[in-house]
Amino acid sequence: MNKISILSRSGLVALGALFVSPAYAEWTLNMNEGVTDLTSEVFGLHMLIFWICVVIGIGVFGAMLYSVIVHRKSRGFEASHFHESTVVEIAWTAVPFIILIVVAIPAAGTLLQIEDSSDPDMTIRVTGHQWLWEYDYVDQGVHFFSRLDRDSDKARQQNSGIDPNTVEHYLRNVDKAMVVPVDKKVRLLLSSGDVIHSWWVPDLGGKKDAIPGYINDMWFKANETGTYRGQCAELCGRGHAFMPIVVKVVSQDEYDQWVTDQGGDAGADSQLAQGQPSTDAANAQAQTEADSSPTAGNATEGRTEDGSEVEPDETSETLVGEGEENNQGGSPDDQRDTDAAQASSDRGSPKVEDESVESDAEDGSDSGDGADNAEQQGDSQNDSPAGGDQAADDSAGGEMSKDELMSQGEEVYGNLCAACHQPDGSGMPAAGFPAMKGSAVATGDVSTHISQILNGKGAMPPYKGTLDDKQIAAVVTYERNAFGNETGDVVQPSQVAEQR
Amino acid sequence: MSTVNPTHSHDHHGHDDHHHGPVTLADGVWPWMKRWIGTTNHKDLGTLYLIFSFVMLFIGGLMSLVIRAELFAPGIQFVDPGFYNEMITLHALVMIFGGVMPAFVGLANWMVPMMIGCSDLALPRVNNWGFWILPFAFTMLLGTLLLSGGGPASGWTMYPPLVMQTGNALPLMVFALHLAGISSITGAINIVVTILNMRAPDMPLLKMPLFVWTWLITAYLLIAVMPVLAGAVTMILTDHFFGTTFFDAAGGGDPVLFQHIFWFFGHPEVYIMILPAFGIVSTIIPTFARKALFGHDSMVYAVASIAFLSFIVWAHHMFTVGMPVSAELFFMFATMLIAVPTGVKVFNWVATMWRGSMTFETPMLFALGFVVLFTIGGFSGLMLALTPVDFQYHDSYFVVAHFHYVLVPGAIFSIIAAIYYWIPKWTGVMYNEKLGQFHFWWSAVWINVLFFPQHFLGLAGMPRRIPDYAVQFTDFNMISSVGALMFFLGQFVFIYNMIMCMRRSGKKATGRVWEGARGLEWTVASPAPYHTFETPPKIDPRELA
């Protein structure tokens, strides 16, 4: 295949040169060969069928061109009158048929390999949300959300004034990448919490849809370490272009270290390595989410998710209607909190944030039941950066300072509200999304404001299942004091709790 | 209008409006409007369909310019991503249901009765009704842009659950599609009934022109699949408003079910948009090669095979939804099989040209452009058929390039070729050949600048339906956008040329028009009288296929 691919590349370049001036020699014209055995095979098939098409094309277009040049009336060419030949018709039916068989056989072989996801070395549950990805290392107890990085996010706003060319990996960078070990068969279990998404990193293989109510699987085994980028490939709404995927393929040692840093259990991957059915995997995962306890001082970097549960009534969660608990996930969970605390201090993360709360308990529902789209969407987001700069004991909903509320509220607003109401609170009146700035709700009665966030209104989903009291208090406070809404109101979590 | 005919004075045109001649504008605006609203004449309705389709192609084209403007550079410059999604959705719906399909129905209206030697379609009032539904359907569809919440933004494929997030536009989109579907079905029934019952006595089925044959098969496809689309969108409607959960996993439904139903309609729909094009090209090439079509009967069989295969390949649009591997294998093999009859058609066209005596008037140029560029679209289609490779191509710009190659230089070029070919017959004057030649070369160059780089974008990993992209995709997107604008501008030359024909400004056309033309439509005067073949013609065997 190598010879073919070199040949083919130069062929494509030559073809492309018809349209491309030499100044742009670095333009990508062809598919990447990728970094797995199967992507190489797929690339080989791609080139095989490409060259078959080129050869047929040269034959057909060559005959046409010759005929157009020679058999023209202006040269005095007299028309012949032959037509109808069964022999010829049979020949040009049979020959393509044989060519197709020649292609179909290797294609079928490759397809069978791609679809064989048995005996994975590890399993990661991937859940699509509008508009970010959730990764859940079912055996290691690592769980986090991965969304468009801040720089791209700022630059992508309409009239942001930021040149995308100045942003590193514009639209192809995330706040927290998926990390996997090299030379290991990684199985992904794909599902969605809202609409259909599609997980696609070209260098690691084809795409597979993440569909609510379904668990699809796909797998890859990367041969080379490196960072590979892709993005959602199925139209999923306004933010479809803005949910990139970044996969870091690292050595086993680095991977183990990463898992430990995340508060996971690096040794756990063997437990599920024997190809357990995905429901078991999911169970294990549900357990990992289930029973952490509030942990004071637990801080993790960035938007990691592995931290504490705050409100006991929201912590337990079972998955897809499967009540029984599988004990495999238990042990990593016990370790998690301490590991996380340790991890953050080890790495001296520049930005220390407290956890956002109950959200990871929710994600259990994502794999199979497809319910609660809006909640899924909400939960995925709220857990990311939710908030303030104090790490300690604000968890139980005590009094919070206005600064805390404002900074946490800004985060929540940026993640959940800004998509429709816009970062500057101007809304999109044409699309039916009212402005925050000076709005009757955001400057009027506080309890109406809280109630609308709790219960939703019209196209706006209810957030009572996905945001906790503290987060709602924060975002209400923020909305009442930002965008020139100088109400001066400070809303405390207790007020929200009363209205629930 | 093209059927207004000052030269045919024996037809009592003018004030004698209860006889055969059509009412003209000279008779007053209101009688003239009443004529066009109430007309049951196949030629009038053919004209209306064509004008309607060109209005829609223009609107859809403007939407594509919005899309290409936003994609000219990375970053969001002009439109909100939500509005962008409305544009891609409406661009597709308008182009498919408002542009290409009515254009072919218009051509069938004009030509099928004249080609088979009958006076009109079998059901003229149904014909009128079928057309006048369309302006209402598309006013409703385009009107959604004015709603708060905007138009539909789920892509023309309307996949749930995303489509459930559509606002007030959802029921309007569904009803617009219902109406467009009713229009298509009535048109299709009319054409089938006409072809099967009203052929001139000396015209057996296998002696029919290929355009008539391809339309007969297309009409059957329409009757078979438009109800399927209607059912699918109705289920979306009841899911949204009446609490059913056909496609909602939370209620025991299945989002993938919709995709199966949609594409069971959608794939035959692809052939609905290309089979009449095959018929047009199979008519034009023999005329300008002055040589009979190489294998008329095998062309008919090839079209019929393609139509059959179109019903068993739908899932190749959804290889990535996670089907059983056995289903993936089946749909891969079935899809590859389509290459065989399609190949037969292309080989036949080349064999028809071979050792002919060719001239290259504008219709022939567009037909040859069709053969080359449609074949390129066919090649990428063959590549897409291979499931393991499709996992890479799927939902990337490679797919966008593929279906635009078969639809724009495919279907649309064939429509343009047909209009250049027959407009002398319709209006009685020749179009401006120089402008026609310019129109072809301009279009042929820019259409490739527009769509060829999209192959590269797809292979490099750019997904479709995104308003903003990573910077490595910038250069090809810029080229593509320039191509789009230039291609669009070139079409005004065409419109000017056609308007000049409709105003009877140009060289008088003879009845035969083209030296090598064969077929009943060329045995009547140019322009064709308002009523043709009121008594069945005696057919000279040389006019038969």
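**View 1. An open sheet of five strands in chain A, with mixed pairing, is shown in this predicted model.** Read across the sheet, the strands of chain A follow the order 3-2-1-5-8. Strand 3 (142–146) and strand 8 (216–220) of chain A lie at the edges with a single partner strand each, so one side of each has no neighbour in the sheet. From one strand to the next, the twist averages 20°.

**View 2. Strand 2 (residues 132–137) of chain A runs antiparallel to strand 3 of chain A.** Five bridges join these two strands, and A:Asp136 can be found opposite A:His143, which belongs to strand 3 of chain A.

**View 3. Helix 12 (residues 362–385) and helix 15 (residues 433–459) of chain B come within 9 Å of each other, as judged by their axes.** The axes cross at roughly 10°, and because angles under 35 degrees count as roughly parallel, helix 12 of chain B and helix 15 of chain B are described as roughly parallel to each other. Among the residues that meet here are B:Leu365, B:Phe366 and B:Gly369 from helix 12 of chain B, and B:Gly436, B:Phe440 and B:Ala444 from helix 15 of chain B. Sorted by class, this contact has four nonpolar, six polar and one charged residues.

**View 4. Chain B touches chain A through a contact that takes 82 residues from chain B and 89 residues from chain A.** Several helices of chain B each supply at least two residues of the side that touches chain A, including helix 3 (81–116), helix 7 (255–272) and helix 10 (325–337). The largest share of that side, eight residues, comes from helix 11 of chain B. By class, the residues of the side of chain B that touches chain A divide into 49 nonpolar, 23 polar and ten charged.

Definitions and conventions:
Residues numbered from 1 in each chain as written. Chains lettered and ligands numbered in written order. Predicted model: local features only at pLDDT ≥ 70, side-chain atom pairs only at ≥ 80, totals over all residues. Axes fitted to C-alpha atoms, helices over the stretch in contact; angles between N-to-C directions. Helix = DSSP H or I, 4+ residues; strand = E, 2+ residues; numbered from the N terminus. Parallel < 35°, antiparallel > 145°, perpendicular 65-115°, else oblique. Contact = placed C-beta atoms within 7 Å. Nonpolar A, V, L, I, M, F, W, Y, C, P; charged D, E, K, R; others polar. Pairing = 2+ DSSP bridges.
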